[in-house]
Amino acid sequence: MASSLSNSAVAFTGATASDLLRSSRSCGASGIPLRTLGKARFSVRTGDLSVVAKVRKVKKHEYPWPEDPDPNVKGGVLTHLSHFKPHKEKPKPVTLDFEKPLVALEKKIIDVRKMANETGLDFSDQIALLESKYQQALKDLYTHLTPIQRVNIARHPNRPTFLDHIFDITEKFVELHGDRAGYDDPAIVTGIGTIDGRRYMFMGHQKGRNTKENIMRNFGMPTPHGYRKALRMMYYADHHGFPIVTFIDTPGAFADLKSEELGQGEAIAHNLRTMFGLKVPIVSIVIGEGGSGGALAIGCANKLLMLENAVFYVASPEACAAILWKTAKAAPKAAEKLRITGPELCKLQIADGIIPELNKMDTEALLKHRMLKFRKIGGFQEGVPVDPIRKVNMKKKEEPIPRKTSVLELEDQVEKLKEEISKVKESSSKPTELALNEMIEKLKKEIDLEYSEAVEAIGLKDRLSNLREECAKVNSQDQLMHPVLMDKIEKLNDEFNKGLPTAPNYARLKYKLDMLKEFSKAKCTLEKKSKGEELKLDINKKIKEVMDRPEIKEKMQALKAEIQKSGASTAADLDEGTKESISKMKKEIQLELVNVLKSMDLDVEIVTAKKLIDDDLKGKVESLREETNKKIENLMNSSDLKKTIQLLKLEVAKAGKTPNVASKNKIEALEQQIRQKLATAINSSEIKEKHEKLLAEITLESNGGSNGSLKNDDLKEGTPKNDESRVEINLGANRSFT
């Protein structure tokens, strides 16, 4: 009997012990308080038989509640109901056989550090080298683990248990006990926990963290009572709609005589049948070793996941080796043949996924690991058309807000680039166009920003946005621009040009436009110079090849010998036969050179002039050029031709870099219309007559030589040129060499 005892004893005689225990009133103890009875000593004597009952003082239990429970403990105050408490002392380190080389390296690092501290010498290089070797050995070891090594890791004494995982992943957890048949198996733990506010039914095998706990938990091997407790909780979860999450970590069901008598096989079979009929989702996670039917009894799930170093088998490698090879030493071979690791079971579609086991990382490595994990998510398909409905509803890409460069900074960059360009012009070295291209692109962006600011300052921003939407709509429908829309564009353009000088940023815009024009001109000049130099080198190379031919050299030497033999000192002293031979030789060389240059895809024409054009004719040519350019400029600004040019620009912009066949046909048709209109306008004007008269004067001036002609592209109809007048060797169709 349990109570407290402090006062003197009270003795009762003349009654049996059963009478005394049945009622205090019947034994003549009426009026005695229960506290006094609790402190009493009962003694009954009947003949030689005596019955003595003593109530002694015992220590007060702290279970289920401590004297001062912490209400803020993780998992709530109900956590105090659990026997599972954190260890006050750290577990002793356990080294597996295959980890011993790492321990030796780690010991060396500790010894070197100790020596450095004692002697005061600098061993940082040696320590860094040893740490690098340690990290590389650790990586190599755990990257190429054998199946039996994974078995040893899964059985590691310090491996986290089911309740360790539960208290880490849940916000609240309440353990539920008993199979409602008189027993509570500690090898299987069940309970309700919450994650992100949602309730789940958790159950799993629980191993001990030390010898005492392992004995209490029966080393994680359940009896039939444990499986029946799990079955009761499955029915409970199915009734309330809680998803079930099971954690598997057992060598197998307990196979003693008592468990077999209590129906171990029937309990496992009952669980298997029931789990296939539950109406809630079930997820099973193998956190250590999953052995035989003892693991499967709570592992019939929708998804079976395994930790990276977990194993799942029908028989342990040692048992398999003892059956097949009659010795447990063949366990490594058996582990390999059984295919019990996560990757192999995923290939066999027994497991559905592997959960990586993260080692302890520093903050930087942890953040990098998380970033790389999400960087791998998603795939991209190029060339797959997007559903039109989905495309309309897609959010437009938000362009980053560009930053304008200050005028002082831009002026400084411009001056530096001008100096570089001037140095390039003075020297004969090949110019680097990278800086020039970068500046041009930068100026274009700056000008776009200035134009946007000017549009907003003038008050045309809304109208411009509306007009852009209308143009985009027309382009999306693959239609030509409507005349009404063209008039809107022209009116807005006129208003903008009139209001532009009043914009507050007009000075900056004008400066940047001038710089863009200047640098674009410089780029064009440098490109022409570069192309001209390359073409000169190619032509000189070809000419040298022609002149170095053996047959040409022989003819030249024969001609020189003939001239020396004649004894003539000047060209006038040569006889007619020698002059004819020289002329013939000259024509042969010219013909060879023409053939070679034509092979370079050049249109060659030999231009000979017996007399230079005088200054009067040069002035007439320049005047006619200016008049032609002015006429063409007026034609380009006319309303009819201007609309056609704008349509051409819109079609080119709409087609982009890779136009389709329809876009190409539209562009060619518009270009042909512009050419015809220009040609018609120039032919109907006085420019054609002036051009013909001037051409006749030049022909007369050059004495009308048999091979003589002057080719001036600037005087062609409808092809204005802004370059200087040129006399060409004439390398025509695709390239020209001045």
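Here is a short walk through some helices and surface patches of this structure. The model is predicted, so local features need pLDDT of at least 70, side-chain atom pairs count only at pLDDT 80 or more, and totals for chains, interfaces and linings use all residues. Residues are numbered from 1 along each chain as its sequence is written, and side-chain values use heavy atoms, with hydrogens and water left out.

The expected span is 1.5 Å times one less than the number of residues, so the 42 residues of α21 should span 62 Å, and the end C-alpha atoms agree at 61 Å apart. Which residues of α21 are buried? Among them are Leu509, Lys512, Met515, Leu516 and Phe519, where buried means under 20% relative accessible area, exposed over 50%, and partly exposed in between (1.4 Å probe, protein chains only). In an α-helix there are 3.6 residues a turn, so residues three or four places apart point the same way.

Now for the outside. Leu324 lies in helix α12, residues 317-324, and counts as exposed because its relative accessibility is 54%. Together with Ile323 and Trp325, Leu324 forms a nonpolar patch on the surface, with about 310 Å² of accessible area in total. To be in a patch, residues need over 30% relative accessible area and no salt bridge; like charges are joined within 9 Å, and nonpolar side chains (Val, Leu, Ile, Met, Phe, Trp, Tyr) within 5 Å. A salt bridge, in turn, is a side-chain nitrogen of Lys or Arg within 4 Å of a carboxyl oxygen of Asp or Glu.

Finally, Lys642 sits in helix α25, residues 639-655, and is partly exposed because its relative accessible area is 27%. Its C-alpha atom is 9.5 Å from that of Ile674, although Lys642 and Ile674 are 32 residues apart along the chain.

Notes
Helix = DSSP H or I, 4+ residues; strand = E, 2+ residues; numbered from the N terminus. Areas by Shrake-Rupley, 256 points an atom, 1.4 Å probe, with all protein chains shown as cover.
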